[in-house]
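Please read them with the structure open.

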Amino acid sequence: MHKSSERPDVLVHVAANVRRLRQGASLSQQVLAERAGVSRRMLVNIEKGDVNVSLSTLDRLAEALGVLFYALVQPPDSEDSARIDEVAWVGRFPDSHARLLASKPARQEVELWSWSMEPGDTYESVADGTGWHEMLVVIEGTLTLELADREVTIEAGDFHVYPSDQFHRYRNEGAGRLRFIRNVVH
């Protein structure tokens, strides 16, 4: 997955996004570096995509630019933060990495749930309030998500983000246990 000689896509995205956002805010590299508490040299290397920047540095840059974290790591042509799916950190070993899957702004509350459903089980939910979203990450099995206007099949290792201010139902139509993480955001 990761070869140390290859630059992760996220570095290219961060470089383009930081440069675009800095220029859009009419900030010099020196001013942004000072606001974010990084050296100008570090900022120059970030904008070139030449440095594996820490998550805490990205947080400080996002704050200094007045944007949310995902705005720095998502592909520059993305229209929505509901599916970012980009590596945001690479460790020393090939299988050490962190992927930012999705992001939604929260106004009041965030709930984190761990679900387990045996074969044939179903959970049905009424619509949440306006502005609520759910983020689902399947760990084991296959989740069939039934929405008011469509069905979405989410396999193990994949995820889906959707507005939950509509009818929704979870189904385990597989032969084995279904396990998933559910994040409710408002």
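1. A helix here is a DSSP run of H or I with at least four residues, and helices and strands are numbered from the N terminus. Glu47 lies in helix H3 by that assignment. Note that the model is predicted.

2. Helix H1 covers residues 9-24, 16 residues in total. From its first C-alpha to its last it reaches 22 Å, close to the 22 Å expected at 1.5 Å a residue. After H1 comes Ser26, which has a positive phi, near 55°.

3. Which residues of H1 are buried? They are Val10, Leu11, His13, Val14, Ala15, Asn17, Val18, Leu21 and Arg22. The elements that cover them include the helices H2 (29-36), H3 (40-48), H4 (55-65) and H5 (70-73), together with strand S1 (86-90).

4. Glu47 deserves a separate point. Buried means under 20% relative accessible area; Glu47 has 5%, so this residue of the model counts as buried. Its side chain makes a polar contact of 2.6 Å with the side chain of Arg22, and Arg22 is itself among the buried residues of H1. A polar contact of 2.9 Å also joins the side chains of Glu47 and Gln29.

5. What else does Glu47 touch, leaving aside its neighbours within four places in sequence? The residues in contact with Glu47 are Ala15, Val18, Arg19, Arg22 and Gln29. Of these, Ala15 and Val18 are listed among the buried residues of H1.

6. With neighbours within four places in sequence left aside, Thr57 is in contact with Val38 and Ile46. Val38 and Thr57 are 19 residues apart in sequence, and their C-alpha atoms are 7.7 Å apart in space.

7. The last point concerns the packing of H2 against H4. Their axes come within 8 Å and cross at roughly 115°, and the crossing is right-handed. On the H2 side the contact is made by Leu32, Arg35 and Ala36, and on the H4 side by Arg60, Leu61, Ala64 and Leu65. These residues divide into five nonpolar, no polar and two charged.

Methods:
Residues numbered from 1 in each chain as written. Predicted model: local features only at pLDDT ≥ 70, side-chain atom pairs only at ≥ 80, totals over all residues. Heavy atoms only, no water. Helix = DSSP H or I, 4+ residues; strand = E, 2+ residues; numbered from the N terminus. Expected span 1.5 Å × (residues − 1). Buried < 20%, exposed > 50% of the residue type's maximum accessible area, 1.4 Å probe, protein only. Contact = heavy atoms within 4.5 Å. Polar contact = N/O pair within 3.5 Å; in protein donor to acceptor, adjacent residues only side chain to side chain. Axes fitted to C-alpha atoms, helices over the stretch in contact; angles between N-to-C directions. Left-handed = near helix turned anticlockwise from the far one by under 90°. Nonpolar A, V, L, I, M, F, W, Y, C, P; charged D, E, K, R; others polar.
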